[in-house]
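Me: I have a structure open and would like to go through part of it. Can you take my questions as they come?

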Amino acid sequence: MGVLWFGGKIKTLLTEDSEVEAVYIVGDKIIATGAKDQLMHQYQPDTLMDLEGAVMFPGFVDSHLHLIGHGEKLIRLDLSTLTSSKEIIEALKMRVSEIKHGEWVIGEGWNENQLSDKKIFHAKELDEIAPNNPLILHRICRHAIVANSMALDLAGITSDTKDPAGGVIVRDQEGEPTGYLLDQAQELVKQVIPKVTTDYLEKALRASIQDCHKLGLVGGHSEDLNYYGGFTRTYQTFKNIINKQGLHFKANLLVHHEVVEDMHNQGLGVGHVNGGIEIGAMKIFADGALGGRTALLSQPYQDDPTTSGVANYSEEQLTELVKKARSFNMPVAIHAIGDLAFEYVLNAIELYPPALGQRDRLIHAQILRKDLIERVKKLPVVLDIQPRFVATDFPWVVERLGVERIEYCYAWKTLLNEGIPCSGGSDAPIEPVDPILGIHAAITRANPNEPTITYYPEQALSTFDAIQLFTSGSAFAIQREHERGKIAVGYDADFTILDQDLLTVTPEQILNTNVIMTVVNGEIVYKRKEPIPL
């Protein structure tokens, strides 16, 4: 059953200017591209799909997100858009009024850097809001939480509790916990939160994928499998939603190192495909995040010289984890934000390189140095970047690091110019999952709310390069560059169809782009119903 797509611009992304008149597909593959009349005559398609002037791109793929976490943000209390502590307090009070005593209150996306008073809540302040409910707020980066006293008590956190490895329990001058828990210290509280139900997991994943479809995403590389009850339960959720319930989405699942044995015991390995689901690299967190000053730096933080961040593992332990991945014949995908964490990762990969044909992935790579860039050029590594961080981390990140360190920070253009392959993601729910926002940030280096302020414009990407991050870049990161990320014969029939040509409109107009259709494996999974406003 062949389908011919025509009637608009079809941007193949083989080159910046490459465009064809029509695409003929059978099932989930592209069979031919070219002139409409020629393909009509040669293939006599069963179905004609008129784009009606819309613009077709290869399907956009988010190379780093947390699909279930994004769904939780959609169905939970989302604080990410609030800009004052008063607004957060009111939102929390409203949620507390809606639930029973003893139920957990969980807020998502709190970010003190966008609050007018830069407030980090204290446990006692949260006690006033929820005296009869355990309450935690996930910081936007998900590398920190604030908890009220009931949550701390349930976790057994007192002044005598020692900081766990890779984590910090922030304390006041008397040594009492303030409720602010960084990185691994979060787990002390999270482990006492009741397990979510299967219905909850499926609801979150369904909401997440449907939102991705609406925003033009045909797939994503997601890290969820060490949470929500472990590998088997979470993996089954993906199979139920994507395969059994037919919510088509191409999910490459990173496997946290703590559950790699569980994966292996089920006879699974990297590259294993089950319907729309594929097993990806082994995930490791080398450090924390800049927001909570837990990203591991080679020099102290400019705005807090008492710390250089937090290493989740010693250099020796990190090397052993990379060695563990190789024992399972797996590439690694390592979260490394700070330059010292990145250095430790390179040391480990140089000692234990991936198997021939595999590529490791270094996620975030925000704080680099020239010597690190020179080293990474020699390795089979993809840098998995999140352009949207430029829009939200500046200008406060300059206060964290100091101007003298910025030259090789968030330096996307430098990386591409040096020939280092990059893929593009959002890190949702930390940032919005919308790829249009990521593309806009990559080419403008600006926050849409302050479009006249550009941060280090010499690192801005061309529109073509920015789009490639979310197409061929994401495909290259998982060794799928010969079948995904372009519109060409033999490639997957995955399309993102927009009402504007991103390659020709102004950066300001990009933000007004609407998704008309999203197509996965030749099937329309989303179609805009309402008319485009003129």
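Predicted model: local features only at pLDDT ≥ 70, side-chain atom pairs only at ≥ 80, totals over all residues.

Me: Is strand S19 buried or exposed?
Reply: Five of the five residues of S19 (residues 381–385) are buried, so the strand is largely enclosed by the rest of the structure. Buried means under 20% relative accessible area, exposed over 50% and partly exposed in between, with a 1.4 Å probe and protein chains only. Strands here are DSSP runs of E, at least two residues, and helices are runs of H or I, at least four, numbered from the N terminus.

Me: Which residues point which way from S19?
Reply: Val-381, Leu-383 and Ile-385 point one way, and Val-382 and Asp-384 the other.

Me: Which residue in S19 is the bridge partner of Arg-361?
Reply: Val-382.

Me: New topic. How many salt bridges does the structure hold?
Reply: The structure holds 34, each a side-chain nitrogen of Lys or Arg within 4 Å of a carboxyl oxygen of Asp or Glu.

Me: Which residue forms one with Glu-343?
Reply: Arg-369, with the closest N and O atoms 2.8 Å apart. Arg-369 also forms one with Asp-371, at 3.0 Å.

Me: Is Asp-371 buried or partly exposed?
Reply: Asp-371 is partly exposed, with a relative accessible area of 39%.

How values were computed. Residues numbered from 1 in each chain as written. Heavy atoms only, no water. Pairing = 2+ DSSP bridges.
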